[in-house]
Amino acid sequence: MKKKILALVFAVLLAIMVPISAFATGSFNKAVFDNADDLTVKADDMSGITNIYSTSLSNGKAAIYVDWYTTITVMPTVSLSDEVDGYLLGLYYVGQNWAFINNIIVKIGDHRYTISDFDVSRKVRSGSSVQEYICLFANSETIPMIQDLIEHRDEEIKVRFSGSNKNIDFTLTDDIKNGMINLYNLYVAGGGTNEKNIDLITKLDKTTVTVATVNS
């Protein structure tokens, strides 16, 4: 039930652009988005949900072509609602065969992060391809990893989607890193990481992160 509530709160139900001030919760300072570059704002006045995302990433730069048949998409979004304000990463795997992803491993600097216990949605796409989708939220488990990524943004960031059927390895592009970090910094500046908000998200989302130090 908690997962369904969180998914509902951050559902992408948006259709028209309207002023941000009509939707953000009173605790979030939506003015941080007013003059920011590379942002698209979409809001739904019926659900009270506003989504903010990178315009350039939504126009194709979020895709990573692993091989002829395999595409990874990384799409960061800030989602504001009456109940909670979230920063989330939508992760898509599209390929010919199911990976059955159950862990994500991220190598940042001298740290190796293993992300587990997330929900995965799967569907068969048109043609012969399949899709697996994961949504990761900024919470008390994932924020230290995001902060580490910010510190190492100029370095290579390797990622593995680890599945019971196969693994998919890729490297974050500069466009994706910049989009993730710029949007997260705005989320922080607006007050999204306040203790009450992050505690609520952490209670609703049971994703876990473990970290190991990599020997140089």
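Predicted model: local features only at pLDDT ≥ 70, side-chain atom pairs only at ≥ 80, totals over all residues.
Local features were taken at pLDDT of at least 70 and side-chain atom pairs only at pLDDT 80 or more, whereas totals for chains, interfaces and linings use all residues. Residues are numbered from 1 along each chain as its sequence is written, and side-chain values use heavy atoms, with hydrogens and water left out.

**Strands around S6**

Helices (H or I, at least four residues) and strands (E, at least two) are DSSP runs, numbered from the N terminus. Two strands are treated as paired if DSSP finds at least two bridges between them. Strand S6 (residues 101-108) runs antiparallel to strand S10 (residues 158-163), and six bridges join the two. Within this pairing, Arg160 of S10 lies opposite Ile105. S6 also pairs with strand S7 (residues 111-116), again in the antiparallel sense, over five bridges. Here Tyr113 in S7 is the bridge partner of Val106. S6 and S7 form a hairpin with two residues between them, and Gly109 in the turn has a positive phi of about 55 degrees.

**Nonpolar core**

A nonpolar core is a set of buried Ala, Val, Leu, Ile, Met, Phe, Trp, Tyr and Cys residues joined through side-chain atoms within 4.5 Å. Buried means under 20% relative accessible area, exposed over 50%, and partly exposed in between (1.4 Å probe, protein chains only). The largest such core has 53 residues, and those with the most contacts inside it are Tyr87, Ile104, Val106, Phe161, Leu172 and Tyr187. Helix H4 (residues 174-189) gives the most to this core, with seven residues. Leaving aside residues up to four places away in sequence, Phe161 is in contact (heavy atoms within 4.5 Å) with residues including Ile72, Leu91, Tyr92, Ile104 and Phe170.

**Salt bridges**

The structure holds four salt bridges, each defined as a side-chain nitrogen of Lys or Arg within 4 Å of a carboxyl oxygen of Asp or Glu.

| Salt bridge | N to O distance |
|---|---|
| Lys158 and Glu156 | 4.0 Å |
| Arg160 and Asp169 | 2.6 Å |
| Asp174 and Lys177 | 3.5 Å |

Side chains of opposite charge can pair when their charged atoms come close. Lys158 is partly exposed, with a relative accessible area of 45%. Asp174 and Lys177 are three residues apart in helix H4, so about one helical turn separates them. Asp174 is exposed, with a relative accessible area of 52%, whereas Lys177 is buried at 3%.
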